[in-house]
Amino acid sequence: MSVQVPLGGPIALVPGRQLPERLHDLRLRFPYVPDLSGIQAELRGLAANGGVPATVTGGERLVVYGQDFFLSLYPSKMDDCYTVGYVDRLRCRDHDRLAKGVLLLRPQDWQLFGEFRDVPRGGYTNHWQPIKQAWHDLGATADRSPAAHTAYLDRVAQLAERTRDIEAAALDGRPSIRYRAVRATGEQRYTSRGVYLFELARSAQVTAGQLVQVDDDPLLRGKVLRLEGTELTVRFGSAIDFGRLRQQGTLREVRTDAVYRTQLQAVAKLREGSSANASLLPLLVDGEFTPFQPDRSAQPSGAPDPGQATAFAKACTVPDVLLVQGPPGTGKSWTIAEMARESAARGKQALV
């Protein structure tokens, strides 16, 4: 669904400080992405021929799309222009987002300025409020078909079933693991313990967390804690008398349907509308995020960078789902720890 949004004046754009470097690096890898002058020319052409495709993200960012690129625009405090904060090439997920709903912006012009002080005072407005209202109206009138929700849940359930079948087939082809000795992990050997160490007859391919069973006895079933050389440590679900374990025998990898059952239970709750987060299904299928304002009054400890500070402020008030994403070394773990600390300080529960 698309809605044309005629705007009564031009829109001014000011590149953010990091934008020229970002665009330069992007064009080295993807030369088809235009430079700033090419971007301005393309936006003007689109505005004159139906409108510039745009979406509103998180209630605070306008994203406009060209043929091969998109721009993230942030409204200025003076409401007279937008800061171009980010540029990137179009991907499949961007086309998918546009297919769900898009505004077609038709301002009189798109004008690019070098700095904020270059924008003539009183001559421009970013039209942010009418754009946000048009986006809200588009969401209110868009077709949120229950059939789309059903199809999504059918695919998720099918994925869970296929994953279970693949894992089962992989385990069925694995040979048994022979062990030649077993001992308790503590000083007292002849007692009931929950953790035992098996000395394997030869090296084996088994990973931590895998479920194993001793001598085909379903009562002797536990999880692998670690494998060091040929020493395999297993934690059983309950204390096992050492006398029940033969000094020589076999271990066999087994699977559990617990994860599979939990996945299908989650799908069933979404189908019947009884999930803890009632907005989760529209969020996943329709991209409907509950608008909210970040809590800028809360302050993390230390000196976070702008990205960390924004993520922290959003986490304090986000009503449904927040994704914190970044490459290694950008401080995600520190940010998550600060989120948990703040939640505890507010008397809320946090599961990490």
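Me: Which residues lie nearest the centre of the second largest pocket, and how many residues line it?
Reply: In this predicted model, the second largest pocket has a lining of 17 residues. Glu 167, Leu 171, Gln 210, Arg 255 and Thr 256 are the ones nearest its centre. The pocket holds about 390 Å³ of space. Two elements, helix 5 (146–172) and helix 6 (258–272), each give two or more residues to this lining, and helix 5 gives the most, with six residues.

Me: How does the lining of the second largest pocket divide into nonpolar, polar and charged residues?
Reply: The lining has eight nonpolar, four polar and five charged residues. Among the residues nearest the centre, Glu and Arg count as charged, Leu as nonpolar, and Gln and Thr as polar.

Me: Which residues line the largest cavity, and which helix gives the largest share?
Reply: The lining consists of Leu 13, Leu 36, Ile 39, Gln 40, Leu 71, Val 84 and Leu 112. Helix 2 (residues 36–48) provides the largest share, three residues. Six of the lining residues are nonpolar, one is polar and none is charged.

Me: Why is Thr 55 called buried?
Reply: Buried means under 20% relative accessible area. Thr 55 has 1% relative accessibility, and therefore it counts as buried. Thr 55 belongs to strand 3 (residues 52–57). Apart from residues up to four places away in sequence, Thr 55 touches Arg 61, Leu 62, Val 63, Tyr 65, Arg 97, Leu 98, Gly 101 and Trp 135.

Me: Is His 127 buried or exposed, and how do you know?
Reply: The cut-off for buried is under 20% relative accessible area. His 127 has 9%, so it is buried. His 127 lies in the loop between strand 8 (110–112) and helix 4 (128–141). Its side chain reaches the backbone oxygen of Gly 9 at 3.5 Å. Beyond its neighbours within four places in sequence, the contacts of His 127 are Leu 7, Gly 8, Gly 9, Pro 10, Ile 11 and Tyr 82.

Me: Why is Cys 81 called buried, and why is Cys 92 called exposed?
Reply: Buried means under 20% and exposed means over 50%. Cys 81 has a relative accessible area of 1%, so it is buried. Cys 92 stands at 69% relative accessibility and therefore counts as exposed. The search of the whole structure finds zero disulfides.

Me: What caps the N-terminal end of helix 8, and which residues of this helix are buried?
Reply: Asp 305 caps that end, with a side-chain oxygen 3.1 Å from the backbone nitrogen of Gly 307. Within helix 8 (residues 306–315), Gln 308, Ala 311, Phe 312 and Ala 313 are buried. Helix 9 (332–345) is included in what covers these buried residues.

Terms used
Residues numbered from 1 in each chain as written. Predicted model: local features only at pLDDT ≥ 70, side-chain atom pairs only at ≥ 80, totals over all residues. Heavy atoms only, no water. Helix = DSSP H or I, 4+ residues; strand = E, 2+ residues; numbered from the N terminus. Buried < 20%, exposed > 50% of the residue type's maximum accessible area, 1.4 Å probe, protein only. Contact = heavy atoms within 4.5 Å. 1 Å grid on protein atoms, 1.4 Å probe; cavity = no way out; pocket = protein on both sides within 12 Å on 5 of 7 lines; lining within 4 Å. Disulfide = S-S within 2.5 Å. Points joined across faces, edges and corners; volume = space filled by probe spheres on them. Polar contact = N/O pair within 3.5 Å; in protein donor to acceptor, adjacent residues only side chain to side chain.
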